[in-house]
Structures are given as structure tokens and as C-alpha cells.
Amino acid sequence: MTIIVKAPAKINLVLDATAKRPDGYHDVHMVMTTVDLADRLELTELPSGEIRMNAQHAYVPNDERNLAYKAAAVLKERFNIRSGVEIYLEKHIPVAAGLAGGSSDAAATLRGLNELWKLDLTLEQLAEIGAEVGSDVPFCVMGGTAIATGRGEQLEKLVSPPPCWVVLAKPTIGVSTADVYGALDLTTAERPDVEAMIQAVKAQDFNGICDALGNVLESVTLPMHPEVEQIKAFMTSCGAEGVLMSGSGPTVFALTEHENRAQRLYNGLRGFCNEVYVVRLLGENH
Ligand SMILES: C[C@@](CO)(OP(=O)(O)O)[C@H](O)COP(=O)(O)OP(=O)(O)OC[C@H]1O[C@@H](n2ccc(N)nc2=O)[C@H](O)[C@@H]1O
Ligand SMILES: Nc1ncnc2c1ncn2[C@@H]1O[C@H](COP(=O)(O)OP(=O)(O)O)[C@@H](O)[C@H]1O
């Protein structure tokens, strides 16, 4: 039996880190939402009990380092499953981009295997298991829009922002999340107003959302990679209503309510950036 699952990317509308923890992680306070740029996974049951990974991408590992593989291994071990799975992964989300591609693949694997291995677990249970694989995996299991705290795994559902266009641009550099958090100096970094974002999303106030966009990790990634700031400046000059780096970067997203503006942003960015996407917010039920 084969099951096909989609793994959508996320963006962080606001991201603050409030403290460095003794376990090496940071406590965060952020609002995340999914967009309609997705990887596609095919999960095929293997009676042999093996987990096999087949990722069609030069920079994505084909072994136990793959987050989708890890998710399958954690689930198999926790529930003592005899069957195995072949995971065929078609990558569309840019890698090491701040868009949670790997985390979303892990989450999609958990959702898919819940069906394939007939486990009948709730999304909450899958999210809890996902936290063993990575901090962003629980959000990716739930999807939609949420406020995340703890190291990112404590979630509170939030209404999704009003529909708009999202233009994503990734410069040709990869960024390590661990390196970015490692270099974060909370005594000097500019901190975003997370409450303002939550209120703007609840009020469905698009301009308020654009005003409240903020990401404490920009204080690390922007000075490291000047091309990120250049993309931000270009997007603003094209009339994007809101512009921000997602997660640890280096992907930058622009929000706009106007299709022609999204198209103008896309055309302009394609001049100096290879990976540019025009997508929509996914809304509630994903
Ligand atoms: C920055 C964010 C924002 O959504 O996303 P990305 O840029 O990765 O997409 C997340 O916090 C990334 O979550 P995720 O990518 O799952 O991180 P993990 O694998 O759990 O952790 C990788 C490393 O990042 C650091 N880390 C991660 C999460 C956190 N709350 N504090 C941290 O300090 C730790 O050094 C950890 O060892
Ligand atoms: N399924 C996967 N997709 C992408 N990258 C993966 C995956 N599994 C493991 N990785 C590794 O994780 C690293 C971070 O990948 P990714 O999840 O795309 O970035 P980010 O955390 O910035 O959103 C990559 O460099 C890659 O080697």
C-alpha cells in the first residue's frame, strides 16, 4: 500500500527568543503559518521492516540523518511496529532556508504512517512524538497558524491571517539554524512585538500584521549575509506591504494583497535571485 502526503513550508510572521536555556535551546515566542509551497512524499509499506529513504535532492541525506527517516524510526520504535516503509521524497521547498522543509517532511511522514501503519493516533499525539525529531515538527504536524512557545513545540492555535500573496526569495546560501541561534546576543538584538502581531492576526488587520512583522534572528543573519538585506530592500522598493526574513533565514518573504504587485516582485527578484516563489497562505485546514 502507498500513501501520498504533502508537506507545506512555514513562515514565521514574528519570532522572538526570550532566553537561552540550560539544555542549549532558546525559549521562543513566535507566530507561524503555512504557505502553499510543499514537498510531496510517497510512503510505501515494506514487510521487511526496513526504513528506506529516497530523496531526490543533492543536499538532502538519504539515510538516518533525513528528518523524515528519523520520524519513521521514532514512531516504529515507540509502537514496536514490525512493518517498514520506503519514503520517496520529492523536494520543492528550498533546503536550509528557514522554511522548515525537513521538519515538514518529518511531520508529513508521521501523519502518513499513522494511516499506513493504522495507529489511530491524534494530531496532538503525533505532535508530541514530532518534538523528539525537531522543535518545528509539532507545528508542522498541526499546520494552519499558531503561537509557539517553549523551544517551539508548545502550540496555541490562532486564526489564520487574511488571504494575501507571499513572495519568497532565497539567496544562494544555506544557513545553519544552530549557528544562528548560537550567535544570538539577546542583550543587544532588536526584539519584535509578538503581542502586536497576535492582536493584528486576531483582528484580521492586514496592515497591522505587516507593521508587526519582526524576527530577532535577523540580528545575526543579516550582518552575516548582506544579500538578505539587499533582497529586503528590493522588495520594499517594489511596494511590498510587509517584508521579513523567515526563521533563521536566509529566505525573505514579502506580503502583498495585490496580485500585480506580487508579479512585479517576482519578475524583479528573478533578475538576481534563482529561487523565487509566489505562493498563498494556506489558511485553517492544513
Ligand atoms: C528558527 C526556526 C523558527 O521556526 O526555524 P528554521 O529557521 O530552522 O526553519 C526554529 O526555531 C528552528 O527549529 P528546528 O529547525 O526544528 O530546530 P532544531 O532541529 O530543534 O534545533 C537545531 C538547533 O537550533 C538551536 N535551537 C533550536 C530551537 C530553539 N528553540 N532554540 C535553539 O537554540 C539549537 O542549537 C538546536 O540544536
Ligand atoms: N527531509 C529533509 N529535507 C531537507 N533537509 C533535510 C531533510 N532531512 C534532513 N535535512 C538536513 O537538514 C538541514 C536543514 O534543512 P531544512 O529543514 O530544509 O532547513 P530549515 O531548518 O532552515 O528550514 C539540511 O541542511 C539537510 O542536510
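## The surroundings of ligand 1

In this predicted model, ligand 1 is surrounded by 19 residues, of which the closest are Gly134, Ser135, Tyr181, Gly247 and Ser248.

Three secondary-structure elements, namely strand S1, strand S2 (26–46) and helix H5 (177–182), each contribute at least two residues to the shell around ligand 1. The largest share, three residues, is supplied by H5. Two domains take part in the shell, since domain 1 (2–157) and domain 2 (165–280) each provide at least three of its residues.

## The annotated active site

The UniProt record, an unreviewed entry, assigns the feature "active site" to Lys10 and Asp136.

## Lys10

Lys10 belongs to strand S1, which covers residues 2–20. Is Lys10 buried or exposed? A residue is buried if 20 or more other C-beta atoms lie within 10 Å of its own; Lys10 has 28 C-beta neighbours inside 10 Å and therefore counts as buried.

Leaving aside residues up to four places away in sequence, Lys10 touches Met32, Thr33, Thr34, Leu99, Ala100, Ser104, Phe139 and Cys140.

## Asp136

Asp136 is located in the loop between helix H3 (123–130) and helix H4 (137–142). With 29 other C-beta atoms within 10 Å, Asp136 is buried.

Which residues does Asp136 touch, when those up to four places away in sequence are not counted? The contacts of Asp136 are Ala100, Ser103 and Gly152. Ala100 is also listed among the residues that Lys10 touches.

## The overall fold

The protein contains ten helices and eleven strands. Its radius of gyration is 18 Å, close to the 19 Å that the globule rule gives for 286 residues, so the protein is as compact as a globular protein of that length. Taken along the principal axes, the C-alpha atoms of the protein fill a box of roughly 55 × 40 × 35 Å.

Of the 286 residues in the protein, 48% are buried. Among contacts between residues at least 6 apart in sequence, 72% join residues at least 24 apart.

Conventions. Residues numbered from 1 in each chain as written. Chains lettered and ligands numbered in written order. Predicted model: local features only at pLDDT ≥ 70, side-chain atom pairs only at ≥ 80, totals over all residues. UniProt positions renumbered as here; feature names shortened; annotations may be inferred. Helix = DSSP H or I, 4+ residues; strand = E, 2+ residues; numbered from the N terminus. Buried ≥ 20, exposed ≤ 12 C-beta atoms within 10 Å, placed from the backbone. Contact = placed C-beta atoms within 7 Å. Rg over C-alpha atoms; globule rule 2.2 N^0.38 Å. Near = placed C-beta within 6 Å. Domains from an automatic or database assignment.
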